[in-house]
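Hi there,

Here is the structure I promised to pass on.

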Amino acid sequence: MSSQSQGIRLVHRPDNSGYRLLELPPDLANLLESDTAPVLVLESSDNTAVLRTPDKAYKLRQKNTSNGLFLLAPHSSSETPEQELAVISTIHETVELDVVPDMPVRHDKLADTGSRGKWHEMFGKGR
(Lines give C-alpha, C1' and ligand atoms only; values in the text may rest on other atoms or scores of the structure.)
Protein backbone atom coordinates (compact mmCIF):
# COMPACT_ATOMS: atom_id res chain seq x y z
CA MET A 1 0.00 0.00 0.00
CA SER A 2 1.49 3.38 -0.96
CA SER A 3 1.09 6.51 1.12
CA GLN A 4 -0.89 9.32 -0.45
CA SER A 5 -0.17 13.00 0.15
CA GLN A 6 -3.07 15.02 1.51
CA GLY A 7 -1.89 18.33 0.07
CA ILE A 8 -2.80 21.78 1.31
CA ARG A 9 -6.41 22.87 1.52
CA LEU A 10 -7.33 25.93 -0.57
CA VAL A 11 -10.14 28.18 0.69
CA HIS A 12 -11.73 31.30 -0.76
CA ARG A 13 -11.47 34.25 1.66
CA PRO A 14 -11.42 37.53 -0.32
CA ASP A 15 -10.33 40.55 1.71
CA ASN A 16 -11.75 43.18 -0.70
CA SER A 17 -8.55 45.24 -0.73
CA GLY A 18 -8.57 45.83 -4.50
CA TYR A 19 -5.07 44.60 -5.37
CA ARG A 20 -3.34 45.54 -8.63
CA LEU A 21 -0.21 43.90 -10.02
CA LEU A 22 2.41 46.28 -11.34
CA GLU A 23 4.61 44.91 -14.11
CA LEU A 24 8.02 46.55 -13.67
CA PRO A 25 10.52 46.91 -16.52
CA PRO A 26 13.85 45.25 -15.59
CA ASP A 27 15.71 48.58 -15.32
CA LEU A 28 13.15 49.95 -12.85
CA ALA A 29 13.11 46.72 -10.80
CA ASN A 30 16.92 46.84 -10.57
CA LEU A 31 16.81 50.50 -9.55
CA LEU A 32 14.28 49.79 -6.77
CA GLU A 33 16.29 46.83 -5.48
CA SER A 34 19.52 48.84 -5.28
CA ASP A 35 20.96 50.22 -2.03
CA THR A 36 20.42 53.75 -3.38
CA ALA A 37 16.79 53.33 -4.45
CA PRO A 38 15.32 56.76 -5.23
CA VAL A 39 11.99 58.23 -4.22
CA LEU A 40 9.37 57.74 -6.94
CA VAL A 41 6.54 60.15 -7.71
CA LEU A 42 3.13 59.28 -9.17
CA GLU A 43 1.58 62.13 -11.17
CA SER A 44 -1.47 62.53 -13.35
CA SER A 45 -1.28 63.82 -16.91
CA ASP A 46 -4.04 64.61 -19.42
CA ASN A 47 -5.25 61.03 -19.88
CA THR A 48 -3.06 58.74 -17.79
CA ALA A 49 -0.93 58.44 -14.67
CA VAL A 50 2.84 58.80 -14.86
CA LEU A 51 5.41 57.26 -12.52
CA ARG A 52 8.61 59.32 -12.33
CA THR A 53 12.10 58.35 -11.28
CA PRO A 54 14.84 61.00 -11.15
CA ASP A 55 15.75 60.32 -14.80
CA LYS A 56 12.79 58.55 -16.48
CA ALA A 57 9.03 58.74 -16.74
CA TYR A 58 6.73 55.74 -17.20
CA LYS A 59 3.13 55.82 -18.41
CA LEU A 60 0.79 53.45 -16.54
CA ARG A 61 -1.49 51.31 -18.69
CA GLN A 62 -3.98 48.69 -17.54
CA LYS A 63 -3.90 45.32 -19.33
CA ASN A 64 -6.76 42.86 -18.96
CA THR A 65 -6.15 39.12 -19.02
CA SER A 66 -8.56 36.28 -19.67
CA ASN A 67 -6.74 34.08 -17.14
CA GLY A 68 -7.28 35.26 -13.59
CA LEU A 69 -4.38 35.20 -11.15
CA PHE A 70 -5.00 34.10 -7.57
CA LEU A 71 -3.30 36.04 -4.78
CA LEU A 72 -2.72 33.58 -1.93
CA ALA A 73 -2.00 33.99 1.78
CA PRO A 74 -1.47 31.50 4.62
CA HIS A 75 -4.69 30.83 6.47
CA SER A 76 -5.49 29.17 9.75
CA SER A 77 -8.87 28.05 10.91
CA SER A 78 -10.29 26.89 14.21
CA GLU A 79 -12.30 24.32 12.22
CA THR A 80 -9.26 22.33 11.07
CA PRO A 81 -5.69 22.07 12.38
CA GLU A 82 -4.26 21.45 8.88
CA GLN A 83 -2.35 24.10 7.03
CA GLU A 84 -4.46 26.06 4.52
CA LEU A 85 -3.98 28.64 1.81
CA ALA A 86 -6.59 31.32 1.22
CA VAL A 87 -7.38 32.99 -2.10
CA ILE A 88 -7.58 36.61 -0.93
CA SER A 89 -8.02 38.13 -4.38
CA THR A 90 -8.56 37.13 -8.00
CA ILE A 91 -6.79 39.54 -10.34
CA HIS A 92 -7.87 39.97 -13.98
CA GLU A 93 -5.73 42.96 -14.90
CA THR A 94 -2.17 44.16 -14.47
CA VAL A 95 -0.65 47.62 -14.74
CA GLU A 96 2.13 47.90 -17.31
CA LEU A 97 4.76 50.66 -17.30
CA ASP A 98 5.88 52.13 -20.64
CA VAL A 99 8.80 54.57 -20.89
CA VAL A 100 7.65 58.00 -22.03
CA PRO A 101 10.51 59.32 -24.17
CA ASP A 102 9.15 62.83 -24.74
CA MET A 103 8.20 63.50 -21.10
CA PRO A 104 10.42 66.21 -19.60
CA VAL A 105 12.69 64.98 -16.83
CA ARG A 106 12.42 66.63 -13.43
CA HIS A 107 15.60 68.48 -12.56
CA ASP A 108 14.46 69.52 -9.10
CA LYS A 109 15.34 67.14 -6.30
CA LEU A 110 12.54 64.77 -5.31
CA ALA A 111 11.57 64.93 -1.66
CA ASP A 112 13.41 62.42 0.50
CA THR A 113 10.84 60.56 2.58
CA GLY A 114 13.40 58.34 4.29
CA SER A 115 12.20 55.24 2.43
CA ARG A 116 15.35 54.57 0.38
CA GLY A 117 16.04 50.91 -0.11
CA LYS A 118 12.87 49.88 1.73
CA TRP A 119 11.15 48.59 -1.44
CA HIS A 120 13.48 45.62 -1.60
CA GLU A 121 12.98 44.84 2.08
CA MET A 122 9.19 44.86 1.69
CA PHE A 123 8.67 43.29 -1.75
CA GLY A 124 11.91 41.79 -3.03
CA LYS A 125 12.45 39.07 -0.44
CA GLY A 126 9.96 36.63 -1.91
CA ARG A 127 11.45 36.67 -5.40
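Buried here means under 20% relative accessible area, exposed means over 50%, and partly exposed is in between (1.4 Å probe, protein chains only).

Before you go further, a word on what you are looking at. This is a predicted model, in which local features need pLDDT of at least 70 and side-chain atom pairs count only at pLDDT 80 or more, while totals for chains, interfaces and linings use all residues. Residues are numbered from 1 along each chain as its sequence is written, and side-chain values use heavy atoms, with hydrogens and water left out.

**The overall layout**

The chain has 2 helices and 6 strands, and its pattern along the sequence reads β-β-α-β-β-β-β-α. Helices (H or I, at least four residues) and strands (E, at least two) are DSSP runs, numbered from the N terminus. There are 127 residues in the chain, and 25% of them count as buried. The accessible surface comes to about 9500 Å², with 51% of it belonging to carbon and sulfur atoms; such areas come from the Shrake-Rupley method with a 1.4 Å probe, and for residues only the protein chains shown count as cover. Among contacts with a separation of 6 or more, residues 24 or more positions apart account for 65%. Contact means heavy atoms within 4.5 Å.

**Helix H1**

Helix H1 covers residues 26–33, and Leu28, Ala29 and Leu32 are buried in it. Seen down the helix axis, the buried residues of H1 fall within an arc of 100°, so they line one face of the helix. That arc is taken from the directions from the helix axis to the C-beta atoms. Pro26 and Asn30 are exposed on the other side of H1. As a rule, an α-helix has 3.6 residues a turn, so residues three or four places apart point the same way.

**Strand S6, starting with glutamate 84**

Strand S6 runs over residues 84–99, and glutamate 84 sits in it. Glutamate 84 is buried, with a relative accessible area of 2%. Its side chain makes a polar contact of 2.8 Å with the side chain of arginine 9, and another polar contact of 2.8 Å joins the side chains of glutamate 84 and histidine 75. (A polar contact is a pair of N or O atoms within 3.5 Å; within protein, one must be able to donate a hydrogen and the other to accept it, and residues adjacent in sequence count only if both atoms are side-chain atoms.)

Further along S6 is histidine 92, which is partly exposed with a relative accessible area of 38%. Histidine 92 and threonine 65 are 27 residues apart in sequence, yet 5.4 Å apart in space, C-alpha to C-alpha. Leaving aside neighbours within four places in sequence, histidine 92 is in contact with Lys63, Asn64, Thr65 and Gly68. Threonine 94 is also placed in S6, and is buried, with a relative accessible area of 15%. With neighbours within four places in sequence left out again, threonine 94 is in contact with Leu21, Glu23, Arg61, Gln62 and Lys63.

**Salt bridges**

The structure holds 8 salt bridges, a salt bridge being a side-chain nitrogen of Lys or Arg within 4 Å of a carboxyl oxygen of Asp or Glu. One of them pairs arginine 9 with glutamate 84, with the closest N and O atoms 2.8 Å apart. Arginine 9 lies in strand S1 and glutamate 84 in strand S6, so the pair ties together parts that are 75 residues apart in sequence. Arginine 9 counts as partly exposed, at 44% relative accessibility.

Glutamate 93 is buried, with a relative accessible area of 17%.

Glutamate 43 and arginine 52 form another salt bridge, the closest N and O atoms being 2.5 Å apart. Salt bridges that share partners also join Glu23, Arg61, Lys63, Glu96 and Asp98 into one network.

Happy browsing!
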